[in-house]
Amino acid sequence: MMTKAIEHPLTIRELLFGGIDGDPRVLMGRLEKRKAFDELGGVLHHLSRITLTALEGEIATTLTGLLEMDLGELILMGFLKYRRLKAAARNTVVNPDRTELVTLNEPHVFTSVHKLRAELLIDGRRRYVLHFNLTVTLTVKNLVARVSDGRLVSLSGGQGDAEATLKWERFEIARAGVPLKLPLVVRLGDGFPLLTEEERAQVEEDLDQEQPAH
């Protein structure tokens with residue numbers, strides 16, 4: 001498989017469907033091929049075409065939030081759990097003039113699981129609960145992170161892989177994986193905070209307590 005250089009933010013939709021499937025009929029077609037509707041206990045079989053079309057739109061709307069997630073942002077969220085980056089963040093809060101470079105030479109795997117629940121109402125009565133499950137696994141290595149003032153301010157170099165699986169109940173709607181040439185385009189702006197507000201406040205409080213009284 002060829003490595004894909006990402007020159008713009010990559011969404012889950014692009015990874016799973018090639019970025020062209022905003023049309024709910026595409027998703028519904030995938031479900032029908034896998035006989036996913038059988039799970040609804042025949043509820044859908046007697047529905048009118050108009051009602052089914054409305055249902056297609058409802059499912060597409062329900063999935064929009066999941067499919068529009070950005071892989072770069074998911075990597076950043078994974079970094080929040082990486083101890084070396086957290087340590088660098090604390091060090092640079094204690095020493096505001098200090099910048100630290102953290103190398104991630106060995107592969108680091110970030111797995112993100114997202115569950116979505118939506119109720120299907122027909123004539124005002126609940127007939128079925130839709131359960132969607134999205135699993136995203138990101139592997140990154142040979143990446144250099146620059147940390148300043150408790151924030152991740154830049155990423156350079158790097159290689160990685162992205163895999164995603166979308167399921168409705170036990171039925172797999174889509175699965176895809178692609179090697180990536182990092183860094184993904186991420187909107188760091190003034191920097192991505194690596195510490196929560198509570199963690200940063202605790203570091204600053206500890207620093208104040210260490211200062212000699214005048």
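Glutamate 100 is buried, at 15% relative accessibility, where buried denotes a relative accessible area under 20%, exposed over 50%, and partly exposed the range in between (1.4 Å probe, protein chains only). The model examined here is predicted, so that local features need pLDDT of at least 70 and side-chain atom pairs count only at pLDDT 80 or more, while totals for chains, interfaces and linings use all residues. Residues are numbered from 1 along each chain as its sequence is written, and side-chain values use heavy atoms, with hydrogens and water left out.

The side chain of glutamate 100 meets that of arginine 98 in a salt bridge, at 3.0 Å from N to O. A salt bridge is defined as a side-chain nitrogen of Lys or Arg within 4 Å of a carboxyl oxygen of Asp or Glu. Arginine 98 is partly exposed, with a relative accessibility of 38%. In total, six salt bridges are present in the structure.

Another of these contacts joins the side chains of arginine 13 and glutamate 68, with an N to O distance of 2.5 Å. This pair links distant parts of the chain, 55 residues apart: arginine 13 belongs to helix H1 (residues 12–17), whereas glutamate 68 is situated in the loop between helix H3 (49–67) and H4. Helices (H or I, at least four residues) and strands (E, at least two) are DSSP runs, numbered from the N terminus. Arginine 13 is buried, at 12% relative accessibility, while glutamate 68 is partly exposed, at 39%.

A salt bridge is also formed between the side chains of glutamate 172 and arginine 175 (2.9 Å, N to O). Here glutamate 172 is partly exposed, with 27% relative accessibility, and arginine 175 is exposed, with 55%.

Because phenylalanine 79 lies in helix H4 (residues 71–79) and phenylalanine 110 in strand S3 (residues 108–122), the pair ties together parts that are 31 residues apart in sequence. Phenylalanine 79 is buried, with a relative accessible area of 0%, and phenylalanine 110 is likewise buried, with a value of 13%.
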